[in-house]
Amino acid sequence: MEWHEELHERSDERVEGLGERLWAVATALHEHPELSYEEHAAAERLTRELAGDGFAVETGTAGLPTAFTARAGSGRPCVALLLEYDALPGLGHACGHNLIAAAGLGAALAAKDVLADSPGSLLVVGCPAEERGGGKVALAEAGVFDDVDAALMVHPGVHSWSWAPLTAQVELKVTFHGRAAHPTGDPEAGVDALAALIQAFGAMSALRQRLPAGSHIQGIITHGGEATNIVPDRAEGRFGLRALTTDALDRLVDDVTAGAQGAALATGAKVDVERAGRGYAHFRDNPVLSERFTEHLAACGIHATPPAPGVYLGSSDVGNVSVRVPAIHPFVAITAEENSDHTPEFAAAAASPRGRAAMLASAAALARTAIDLRTHPALVSRAWDCFRALARNGR
């Protein structure tokens, strides 16, 4: 038997032995869901588990109280395992982040044991606020991934897909400023900010008709005036924008801004357009790594396929990691394809027997992939070559 197969077998046995412990972590997070930036119990539980197995833990990473890093070994190659653990308002773990945390934890513990005498390091990154706020954006900007050679994570879903078609995303706040007046007593003195905002929605509707695949605009009105007998002097809308790449998203921002400025010109109002938050980059899958992970996942009993053409499942702050280092973000199904995440049914699946099986298989496949990267320098080189080629091609 080749030595790397022996390492895989040892890792698989370690994950199997960790089954009850990992499921206890997953169910504890599921029973006590915490919202973005409030994941104190989850972060404490995960860091305690890692420290107990010899990882050097640092908390409050990038100034985020519920972020952390845990390291085993030193130097490169450095493989990062990304853990998410925030929940959704009113729905709990309806995105299955409790399973992401447990799978990444299991992979970290198993790989550490197997790689004790191998060069390089494992870095476990506790990533808060994926659902709202983008913890990975702050972590990336703080340099957490600067010396990382591969960033690995897996996400539960309704499909088992080898990689995730995740688009770039940003939210714009569009504020129109008019002039208050009485709508019948002195209408000519007024400038209707709400009318300008509604005009902007018309411009967005026209723009939406010519958007390419993967691009999207969705808007809401967050402020439209105070009373019906006052011409609104301020109106505000929020527009969620998505596009296939970060460059395409920047162009879409320019188009939406131009539409808002046109509405202001047409109505006599003034307009401010600003980005609300940093936004998410598109996800750049690294085929060298995702193909390796998919092979290992198949060995664990789950057969992932490429994503369905033309289907875009959303956006994630993992994109901001993937444009810095080689990364994977496969989906592993925990429910039937006709269902959806962000629903009560998906939250139930995140604590189901199928959820447990998917978590353990994901942990084993992640650990195997980490082992391959730590013990095969050529694989690391190939992943970086692929990364640079994709970057040159604007993908």
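The points below treat a helix pair, the nonpolar cores and a group of strands.

1. The model is predicted: local features need pLDDT of at least 70, side-chain atom pairs count only at pLDDT 80 or more, and totals for chains, interfaces and linings use all residues. Residues are numbered from 1 along each chain as its sequence is written, and side-chain values use heavy atoms, with hydrogens and water left out.

2. Helix 3 (residues 40-52) and helix 4 (residues 97-114) have axes that come within 11 Å and cross at roughly 10 degrees. The two helices are therefore roughly parallel to each other (angles under 35 degrees count as such). L46, E49 and L50 of helix 3 meet A101, L105, A108 and L109 of helix 4 (contact means heavy atoms within 4.5 Å).

3. The largest nonpolar core has 94 residues, of which L50, F55, L82, V125, F145 and L152 touch the most other members. Such a core is a set of buried Ala, Val, Leu, Ile, Met, Phe, Trp, Tyr and Cys residues joined through side-chain atoms within 4.5 Å, where buried means under 20% relative accessible area with a 1.4 Å probe, protein chains only. Helix 4 supplies the largest share of this core, 12 residues.

4. A second, separate core of 28 residues includes A200, A235, L241 and L252.

5. Strand 7 (residues 168-177) has 7 of its 10 residues buried, so it is largely enclosed by the rest of the structure. Strand 7 runs antiparallel to strand 9 (residues 234-243), joined by 10 bridges; H177 has R234 as its bridge partner in strand 9. Strand 7 also pairs with strand 10 (residues 270-275) in the antiparallel sense over 6 bridges (pairing requires at least two bridges found by DSSP).

Key: Axes fitted to C-alpha atoms, helices over the stretch in contact; angles between N-to-C directions. Helix = DSSP H or I, 4+ residues; strand = E, 2+ residues; numbered from the N terminus. Parallel < 35°, antiparallel > 145°, perpendicular 65-115°, else oblique. Buried < 20%, exposed > 50% of the residue type's maximum accessible area, 1.4 Å probe, protein only.
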